[in-house]
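Colleague: I would like to learn how to read strands and packed helices in a model such as this one. Could you take me through it feature by feature?

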Amino acid sequence: MQKDQLFTRRRMLLAGVAALGAAGTAGVVLAQGGEETAGTAAAPVAGPQARQALKPSAFRLQPLTGDGPPRAAPRRLKVRKEPIMRVSTSGRHMVLTFDDGPNPAYTPHILDTLAKHDVRAMFFVCGECVVQNKELLARMADEGHVVGNHTWTHPLLTELNRREIRSEMESTSDAIEDAYGERPQWFRAPYGAWNRAAFQLGAEMGMEPMAWTVDTTDWMEPGTRTIIDRVEGGAAPGVVVLSHDAGGDRSQTVRAIREWLPYLIDSGYRLTVPRRRV
Ligand SMILES: [Zn+2]
């Protein structure tokens with residue numbers, strides 16, 4: 001019974017990906033350096049990745065895993081030395097990401113707003129939150145969102161040994177597979193604090209490292225207006241926006257997205273999720 005449900009969810013996910021492509025989001029692919037965005041106003045960046053944002057890096061990506069069984073071994077990826085911080089796009093595409101959840105107090109409101117505007121986003125979830133809110137992961141799957149791995153307990157990976165990091169990542173991927181129907185293909189290090197082990201283990205588990213371009217700073221609870229200004233001011237093709245749907249009082253985040261999301265859409269941006277390609 002449960003297995004059937006997983007397969008159903010998986011089919012819906014695959015159908016969702018196809019629908020996204022048909023809707024014109026196929027132009028968004030992963031890239032680093034963002035050459036197509038060169039010349040646009042510099043987006044505000046924050047976090048330790050900011051200094052690396054303009055470094056080009058050549059690489060090739062593996063294709064989206066096919067229609068294999070849920071427990072298939074993940075495809076090994078090339079080990080990166082730095083995370084992806086923006087997407088390459090030939091149009092005005094942006095990617096929305098929400099970290100640290102799911103949280104029943106905030107995540108449903110964010111999902112409602114995304115649904116209202118027919119937008120798909122990425123949720124980097126923590127395993128300990130997933131096991132308490134499986135239904136929210138199921139809803140993300142049903143509504144076509146992409147779920148990434150954000151560790152189990154949100155530790156500073158640079159203070160853990162390799163065995164501990166593996167445990168944090170593996171257990172979270174297991175919980176995601178159980179609740180979402182598919183193992184995650186993306187990983188984001190807590191606090192943006194990456195190390196070699198995180199890149200190596202992520203690649204081993206078939207996950208690409210995803211950072212961000214614009215930090216909304218919602219984790220500082222700076223006021224709804226400030227969050228809105230950050231997103232609207234940082235909007236540019238290829239930008240990956242970081243917000244949080246857990247980890248504190250996120251009511252400002254919930255209110256802000258109700259304003260900045262329609263603004264971005266009215267400004268001609270298409271909010272989408274990245275695809276992995278060969
Ligand atoms: Zn986080």
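Colleague: Which residues in H2 meet which residues in H8?

Modeller: A word on the source before that: this is a predicted model, in which local features need pLDDT of at least 70 and side-chain atom pairs count only at pLDDT 80 or more, while totals for chains, interfaces and linings use all residues. Residues are numbered from 1 along each chain as its sequence is written. Helices (H or I, at least four residues) and strands (E, at least two) are DSSP runs, numbered from the N terminus. Two residues are in contact if their C-beta atoms, placed from the backbone, lie within 7 Å; here His109, Ile110 and Thr113 in H2 meet Val254, Ile257, Arg258 and Leu261 in H8.

Colleague: How do the axes of H2 and H8 cross?

Modeller: Two packed helices are described by the angle between their axes and the distance between the axes. Axes are lines fitted to C-alpha atoms, for helices over the stretch in contact, and angles run from 0 to 180 degrees between N-to-C directions. The axes of H2 (residues 107–116) and H8 (residues 251–266) come within 9 Å and cross at roughly 10°, and H2 and H8 are therefore roughly parallel to each other, a label given to angles under 35 degrees.

Colleague: Where do the side chains of strand S4 point, and are they buried or exposed?

Modeller: In a regular strand the side chains alternate between the two faces of the sheet. A residue is buried if 20 or more other C-beta atoms lie within 10 Å of its own, exposed if 12 or fewer, and partly exposed in between, with C-beta atoms placed from the backbone. In S4 (residues 122–125), Met122 and Phe124 lie on one side and Phe123 and Val125 on the other, and all are buried.

Colleague: Which strands pair with S4?

Modeller: Two strands pair if DSSP finds at least two bridges between them. S3 (residues 93–99) pairs with S4 in the parallel sense over three bridges, with threonine 97 opposite methionine 122. Between S3 and S4 the chain passes through H2, in a β-α-β crossover that is right-handed, meaning that, with the strands pointing away from the viewer, the path from the first strand over the helix to the second runs clockwise. S5 (residues 146–149) also runs parallel to S4, joined by four bridges, and valine 146 in S5 stands opposite methionine 122.

Colleague: How many residues of S9 are buried?

Modeller: In S9 (residues 240–244), five of five residues are buried, with Val240, Leu242 and His244 pointing one way and Val241 and Ser243 the other.

How values were computed
Angles under 35 degrees count as roughly parallel, over 145 as roughly antiparallel, 65 to 115 as roughly perpendicular and the rest as oblique.
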